[in-house]
Amino acid sequence: MKTAVRQPLRILVLGAGVAGISIARGLLRDGHDVAVFERRPDTRPGGGAVTIWPNGSTVLEQLRVDMDGAGQLLSTVRIATSTGRELVNIDVTAIVDRLGGAVRMVPRRVLLERLMEGFPADRIRCNSRVARAVGTRDGVRLEFGDGSYAEGDLLIGADGLHSMVRDIAGAKPAKPTGWCSWQGLITLPHIADKGGAVQIVGEHGNLGLWPAGGSDLQWWFDLPWSPGFVRPEHPIDMIRSNFAGWSDLVDQVLAALTDDDLGPSPFPHFRHPIPRSPRRGSVTLVGDAAHTMPPILAQGTNQALLDTMVLCKALSDLRKEPNDSNGDLSSALRWYEKTRRRRLTAVSWVTSRQMSQSESVLKPAAMISDSFGTWAMMTFLRSISHRRISAEVDRDLSSGFVRR
Ligand SMILES: Cc1cc2nc3c(=O)[nH]c(=O)nc-3n(C[C@H](O)[C@H](O)[C@H](O)COP(=O)(O)OP(=O)(O)OC[C@H]3O[C@@H](n4cnc5c(N)ncnc54)[C@H](O)[C@@H]3O)c2cc1C
């Protein structure tokens with residue numbers, strides 16, 4: 001018997017970053033009518049590289065995003081102290097063997113290009129700066145600076161850290177954590193271990209050097225930061241004075257970097273409180289707009305992709321019920337927010353324990369075996385991944401209820 005299906009929802013997505021394009025891609029796959037609005041003149045992305053863990057990689061597969069050859073597959077993450085003490089080697093290959101998917105470091109530009117492959121470009125309206133969003137009898141209405149407007153059943157805020165939709169939804173703004181990253185991508189002709197990511201923790205800062213495909217290496221240097229921060233005239237001197245001598249590879253990177261490479265930095269770390277009480281109405285949030293967090297676990301992009309999976313599931317379940325009202329749409333949104341809240345609270349909590357504050361605090365970690373460290377990472381990733389929902393989505397995809 002054919003399942004009766006509710007009319008497609010008219011969905012407005014604000015923001016064309018990873019979260020906006022992936023949710024739009026999922027909702028189009030599921031048969032909804034989607035329009036994306038981006039304030040920039042084009043969707044050309046910038047930034048360094050992001051890490052895709054098995055939880056994000058599974059969602060990309062469900063979205064049919066071809067990641068073959070994108071970025072760099074990782075096999076280990078080595079964590080050490082600035083004095084050369086090995087803390088733990090995480091066996092990423094073992095994690096992938098158990099959880100599936102892949103772990104890769106991929107330039108943000110490449111990820112967005114892959115997300116855009118096969119995505120109907122006419123669904124994105126650039127140069128669209130929203131002046132106002134108002135609730136209507138049937139849903140929401142976005143009003144733009146040029147006097148034009150768009151109406152939909154639902155507004156999804158995918159507008160990043162300082163989200164306007166977050167304000168409209170009445171959620172609290174992000175707060176700085178007191179730390180920042182100086183970061184970017186560098187081309188190094190000879191990267192000895194292309195699958196090996198390195199993280200080094202010091203007494204007053206930490207750093208990461210993660211291969212990102214070909215000769216690309218993502219580097220970051222984390223240091224304390226406050227709103228009164230005054231940028232030094234030559235930031236590379238400050239970075240060198242804090243991190244020189246930590247390892248041969250670090251010194252090689254420091255020798256190659258210039259003040260120009262540090263131009264876009266620093267990126268202060270922010271964290272959103274994860275709200276306990278549900279939101280109201282036909283508005284919800286995904287990605288950094290919903291839950292900016294420090295980049296310590298490299299989960300930002302993965303959490304945006306998990307938002308996509310759970311929100312698409314909530315709305316496709318709603319479509320299976322033909323006789324619902326807007327009230328049911330609101331329940332579906334609240335189910336999505338509640339389902340995500342527990343996992344997000346856990347991830348956000350871990351990222352806000354600032355392990356880089358003191359190398360000495362981490363000394364006992366050297367007693368942890370590599371196999372225990374790998375198991376702990378795998379267990380954490382599994383616990384935040386919504387594996388039951390993921391299996392249900394896979395079933396829906398193979399039954400043809402939602403199109404592949
Ligand atoms: C320039 C840039 C560089 C980054 N570099 C890194 C990196 O090197 N490593 C890393 O791990 N993470 C990086 N990130 C963060 C990472 O991309 C995100 O954590 C993750 O992908 C989730 O992104 P998002 O789509 O929720 O938000 P974002 O990537 O911030 O995207 C939000 C989008 O919304 C648009 N927008 C905002 N306000 C409005 C408005 N009022 N109207 C219309 N459009 C609006 C913005 O222009 C942007 O395109 C970067 C983000 C940006 C924006």
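The protein splits into two domains: domain 1 covers 10-176 and 270-402, and domain 2 covers 177-269. Keep in mind that this is a predicted model. Taken over C-alpha atoms, the centres of domain 1 and domain 2 are 25 Å apart. The contact between them takes 30 residues from domain 1 and 30 residues from domain 2.

On the domain 1 side of that contact, four strands each supply at least two residues: E4 (72-73), E5 (76-81), E7 (104-107) and E17 (267-271). E5 gives the most, with 6 residues. By residue type, the domain 1 side divides into 15 nonpolar, 12 polar and 3 charged.

Next, the ligand. There are 32 residues around the ligand, and those that come nearest are Gly-15, Gly-17, Gly-47, Gly-160 and Gly-287. The shell divides into 13 nonpolar, 12 polar and 7 charged residues. Helix H1 (18-29), helix H8 (288-291) and helix H9 (300-319) each supply at least two residues of the shell.

H9 deserves a separate slide. Helix H9 has 20 residues and reaches 29 Å from its first C-alpha to its last, close to the 28 Å expected at 1.5 Å a residue.

In soluble globular proteins, nonpolar side chains tend to be buried together. Here the largest nonpolar core has 108 residues, and the members that touch the most others are Val-13, Ile-23, Val-103, Val-106, Leu-155, Val-165 and Val-286. The largest share of this core, 9 residues, comes from H9. Both domain 1 and domain 2 contribute to this core, with at least three residues from each.

Take Val-286 as a case. Leaving aside neighbours within four places in sequence, Val-286 is in contact with Ala-19, Ile-23, Ile-156, Ala-158, Ala-304, Asp-307, Thr-308 and Leu-311.

Last, a residue in a loop. Pro-41 lies between strand E2 (33-37) and strand E3 (49-52). Is Pro-41 buried or exposed? Pro-41 is exposed, because 8 other C-beta atoms lie within 10 Å, and the cut-off for exposed is 12 or fewer. Beyond its neighbours within four places in sequence, Pro-41 is in contact with Cys-126 and Asn-127. The C-alpha atoms of Pro-41 and Arg-125 are separated by 9.0 Å, although the two residues are 84 residues apart along the chain.

How values were computed
Residues are numbered from 1 along each chain as its sequence is written. This is a predicted model: local features need pLDDT of at least 70, side-chain atom pairs count only at pLDDT 80 or more; totals for chains, interfaces and linings use all residues. Domain bounds come from an automatic or database domain assignment. Two residues are in contact if their C-beta atoms, placed from the backbone, lie within 7 Å. Ala, Val, Leu, Ile, Met, Phe, Trp, Tyr, Cys and Pro count as nonpolar, Asp, Glu, Lys and Arg as charged, and the others, Gly among them, as polar. A residue is near a molecule or strand if its C-beta atom, placed from the backbone, lies within 6 Å of it. The expected span of a helix is 1.5 Å times one less than its number of residues. A nonpolar core is a set of buried Ala, Val, Leu, Ile, Met, Phe, Trp, Tyr and Cys residues joined through C-beta atoms within 7 Å. A residue is buried if 20 or more other C-beta atoms lie within 10 Å of its own, exposed if 12 or fewer, and partly exposed in between; C-beta atoms are placed from the backbone.
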